[in-house]
Amino acid sequence: MVIVGAGFAGLAAARDLTQQGHDVLVLEGRDRVGGRSLTGSVAGLPADMGGTFVGPTQDAVLALAAELQVPTIPTYHDGKNVILWRGGARPYSGTIPRLSLAGLLDIARLRWQFERLARSVPIAAPWDAQRARDLDGVSLQEWLRSVRASASSHNLMAIMSRVTWGCEPDGVSMLHAARYVRAAGGLDRLLDVDNGAQQNRFAGGTQQIAELAAAELGARVVLDAPVRRIERHGAGVTVTSDQGAAEAGFVIVAIPPAHRVAIEFNPPLPPEYQELAQHWPQGRLSKAYAAYKTPFWRANGFSGQTLSDRGPVFITFDVSPNDDGPGVLMGFADARAFDSLPPERRRHEALHCFASLFGDEALEPVDYIDYRWGTDQFAPGGPTAAVPPGSWTRYGPLLRKPVGPIHWAGTETADEWTGYLDGAVRSGQRAAAEVSALL
């Protein structure tokens with residue numbers, strides 16, 4: 001059994017199959033495991049460049065972490081949040097800032113309409129929704145226009161779109177947006193810290209989970225082995241990587257749909273599968289971290305959580321280890337205005353964004369680091385797919401449908417917590433169960 005990719009999906013599949021007694025080989029193109037989970041360092045502290053948070057109902061990844069004895073810690077959220085809006089910074093509490101009474105009423109109306117629509121979408125088969133073609137035929141932006149969203153509501157939804165899919169509202173299908181939100185358990189669960197997707201994190205970073213899982217598998221995980229070719233034949237498959245060829249009865253391809261095009265399939269995949277990979281693009285999102293002697297914003301009564309309509313950093317979180325220091329701010333950055341800048345300019349822009357929210361003290365960090373996923377060799381793009389209009393109704397039924405001995409995994413193929421680490425683990429377990437039933 002060969003698995004392509006040593007991210008959370010591939011490693012979860014490998015663990016399940018190995019525990020059932022099957023021979024498994026995991027081929028990873030990078031010189032590390034973890035996929036879109038990458039833990040770097042800022043001021044000597046772990047800094048997650050990719051997947052970071054976990055929350056209630058993300059049972060698959062939490063169970064995996066517990067088995068590997070990796071504990072969670074709560075995300076700091078005490079104090080006032082800050083929004084930088086149309087040139088002025090102001091504090092707020094809760095998930096949605098109170099910009100005005102009219103704005104609050106409008107966003108409440110939109111949330112109700114969005115949630116009602118999401119509940120009508122079958123997660124496992126969104127193309128079967130009653131209004132599937134209508135919803136898939138428009139972008140989130142076009143839907144916002146159709147329901148006469150105010151400018152403030154539109155801008156707030158744009159921030160949600162950037163951090164969730166790494167794209168603007170015009171880049172994602174409304175059907176995808178609705179399904180994605182339902183797969184997370186609703187907008188509150190998706191957006192909140194307390195009792196939401198950002199409730200907890202791992203003090204040592206998320207990549208340690210992948211590293212511990214890979215250590216269990218030992219020599220079954222082969223690094224620096226980008227898969228170039230998968231050949232189907234009567235006995236199964238021949239999977240060829242830079243480390244040689246491997247024969248197996250089945251293969252699980254546990255990489256984002258858009259990256260399947262990097263592999264040569266022989267015989268070629270059916271044309272619609274090739275088209276799927278081209279119509280399931282990754283979003284674009286980057287991250288910036290700044291470390292300070294202390295989390296000075298806490299002393300001023302702020303939580304470290306912010307929203308901004310200016311950018312390139314448009315949302316921040318406090319990921320400091322404690323009250324005494326160091327203080328660490330994590331910001332999500334708009335790749336369009338960030339990735340092409342030289343390193344010093346990126347640092348300058350990110351720190352000035354932090355300063356516009358927390359004051360000039362933010363201009364003097366003890367350390368700084370950023371990561372641009374758009375430049376990643378094996379996963380160029382963002383945290384997950386930004387599925388454009390028309391893709392779900394045309395290609396969705398093929399997203400994880402096997403092609404002979406070829407099975408598919410990856411967080412984009414999950415029915416729960418799509419786009420998250422939890423979705424990745426669930427997808428690997430689902431693909432392993434498919435193959436195990438056939439072995």
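Two strands are taken to pair if DSSP finds at least two bridges between them, a criterion that applies to the first view of this predicted model.

**View 1. Hairpin of strands β3 and β4.** Strand β3, spanning residues 39-42, pairs with strand β4, spanning residues 45-48, in the antiparallel sense, and the pairing runs over four bridges. Within this arrangement S41 stands opposite P46 in β4. Two residues lie between the strands of the hairpin, where A43 takes a positive phi near 55 degrees.

**View 2. Packing of helix α2 and helix α14.** Helix α2 (residues 59-67) packs with helix α14 (residues 421-438) at an angle of about 85 degrees, and their axes are 7 Å apart. Because angles of 65 to 115 degrees count as roughly perpendicular, α2 is described as roughly perpendicular to α14. On the α2 side the residues are D59, A60, V61 and L64, which meet L421, D422, V425, R426 and Q429 in α14. Sorted by class, this contact of α2 with α14 has five nonpolar, one polar and three charged residues.

**View 3. Contact between domain 1 and domain 3.** The protein chain is divided into three parts, among them domain 1 (2-36 + 204-269 + 403-437) and domain 3 (102-189). Although the C-alpha centres of domain 1 and domain 3 lie 31 Å apart, seven residues of domain 1 are in contact with seven residues of domain 3. The area buried between domain 1 and domain 3 is about 590 Å², with carbon and sulfur atoms giving 53% of that area. Of the area that domain 1 buries against domain 3, D415, W417 and T418 supply 79%, more than any other three residues.

Definitions and conventions:
Residues are numbered from 1 along each chain as its sequence is written. This is a predicted model: local features need pLDDT of at least 70, side-chain atom pairs count only at pLDDT 80 or more; totals for chains, interfaces and linings use all residues. Side-chain values use heavy atoms; hydrogens and water are left out. Axes are lines fitted to C-alpha atoms, for helices over the stretch in contact, and angles run from 0 to 180 degrees between N-to-C directions. Angles under 35 degrees count as roughly parallel, over 145 as roughly antiparallel, 65 to 115 as roughly perpendicular and the rest as oblique. Contact means heavy atoms within 4.5 Å. Ala, Val, Leu, Ile, Met, Phe, Trp, Tyr, Cys and Pro count as nonpolar, Asp, Glu, Lys and Arg as charged, and the others, Gly among them, as polar. Domain bounds come from an automatic or database domain assignment. Buried area is the accessible area (1.4 Å probe) that two parts lose on being put together, summed over both.
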